[in-house]
Structures are given as C-alpha cells and as structure tokens.
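My notes follow in the order I looked things up.

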Amino acid sequence: MKLLKDMYRVIEFPKYGDERGSLVVLEGEYMDIPFEIKRVFFIYVNDVTEVRGKHANRESELVLICASGRCKVKVSDGYEEEIVELHDSRKGLYIAPMCWKEMYEFSSDAVLLVVSSEHYSEEEYISDFGQYKKMMRAGFAEDAEK
C-alpha cells in the first residue's frame, strides 16, 4: 500500500516573462504534467464556505492548479491527512489515484484548474469516506496501481 507522502506532491511549472507580463506553461505527456491529459476543468464557487471534491478517484491522476486566488486542499490515505495551500499559478498539486481530496477555503476570486489523466466516469468516484477507509485498509490501493 502507498503511503500518503507518495500519493501527492507539489509540481513547479516553468515561468517566462518580460516587460509585457508573465507566461506559465503546462505541457502534458510527461513533460510538466506527469501523464497524458484527457480532461481539463475549472472549479469556482459562489459560496466561499463550500467544500468541493470529497472523493477519491480509482484511476485518475490529477494536477490541481489555482490559476487565480487561493484555496486549500486536504489529501488523505484513510490513515493520515495533510493540507496543501494553493495560491501560486506556477505550482500545481499532483494527486495519485486512490488519494482522498477535499478543496475548501476558496478565496472569492479563486479559479482552480484541474487536469486529469482520464475522461469522466461516474464509476471511478468513491464519495463515501467510510467506504474509502475500508477499501484502503483492505489493500484496495495496491489493486488500483495495477
């Protein structure tokens, strides 16, 4: 079974700029994004107290980037949890399959860009934290890596 520290990491993206402004580049297929990109979506909230995510993905690898504003991301393996604050568009949070995630404390101007290795499939979402913990304790994470 993977340890939590092996299920997420912060990635720094190259930044280019001159007197006209700055440019942050994200290239897929194992360059800046460590997987082939199949889906991209944005999360923004009207109510800054809203908690998003609250699930694990069975197969998807994700990179979360706060393109504007800031938010916090809680990651968990069912045993431990860590909190990562995203507030720099040059940094992204890589999240491996079977890592529980919750995004919260969005600033009013936050736009969270999510890059995914998989197309949407409702079947790959685990939205019950109790069920997730049971699966992780049963060694499901090892099966998900195959």
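How many bridges join strand S5 to strand S10, and do they run parallel or antiparallel? I counted three bridges between S5 (residues 52-57) and S10 (residues 100-104), and the two strands run antiparallel. I keep in mind that this is a predicted model.

A reminder to myself: strands of a sheet pair through backbone hydrogen bonds, either parallel or antiparallel.

**Entry: the other sheet**

I looked up the order S1-S9-S6-S11-S4 and found another open sheet of five strands, again with antiparallel pairing. Here S1 (8-12) and S4 (39-43) are the edge strands; each has just a single partner strand, so one side of each is left without a neighbour. From one strand to the next, the twist averages 25°.

Arginine 9 stands opposite tyrosine 94 in S9. I also checked the side chains of that pair: arginine 9 lies over the face of tyrosine 94, at 4.4 Å from the ring centre.

**Entry: helix H1**

Which residues of H1 are buried? In this helix (residues 129-137) I get Tyr132, Met135 and Met136. They cover an arc of only 95° around the axis, which means they sit on the same side of H1.

Then I looked at both ends. At the start of H1, a side-chain oxygen of aspartate 128 comes to within 2.9 Å of the backbone nitrogen of glycine 130. Just after H1, glycine 139 takes a positive phi of about 85°. I also noted arginine 137, whose charged end sits over the ring of tyrosine 79, 4.6 Å from the ring centre.

**Entry: aromatic rings**

How many aromatic pairs does the structure hold? There are four. I went to tryptophan 100 and phenylalanine 129, whose ring centres are 4.9 Å apart. Their planes stand at 65°, over the 60 degrees that counts as edge-to-face, so I logged the pair that way. Tryptophan 100 lies in S10 and phenylalanine 129 in H1, so this pair ties together parts that are 29 residues apart in sequence.

Is each of these two residues buried or exposed? Tryptophan 100 is buried, at a relative accessible area of 3%, while phenylalanine 129 is partly exposed, at 30%.

Tryptophan 100 has another ring partner, tyrosine 132: the centres are 5.4 Å apart and the planes at 45°, so I wrote this pair down as tilted. It also links distant parts of the chain, with tryptophan 100 in S10 and tyrosine 132 in H1, 32 residues apart. Tyrosine 132 is buried, as is tryptophan 100.

Definitions and conventions. Residues numbered from 1 in each chain as written. Predicted model: local features only at pLDDT ≥ 70, side-chain atom pairs only at ≥ 80, totals over all residues. Heavy atoms only, no water. Pairing = 2+ DSSP bridges. Helix = DSSP H or I, 4+ residues; strand = E, 2+ residues; numbered from the N terminus. Buried < 20%, exposed > 50% of the residue type's maximum accessible area, 1.4 Å probe, protein only. Arc of directions from axis to C-beta. Polar contact = N/O pair within 3.5 Å; in protein donor to acceptor, adjacent residues only side chain to side chain. Axes fitted to C-alpha atoms, helices over the stretch in contact; angles between N-to-C directions. Phe/Tyr/Trp six-rings, centres within 6.5 Å; stacked < 30°, edge-to-face > 60°. Lys NZ or Arg CZ within 6 Å of the ring centre and 35° of its normal.
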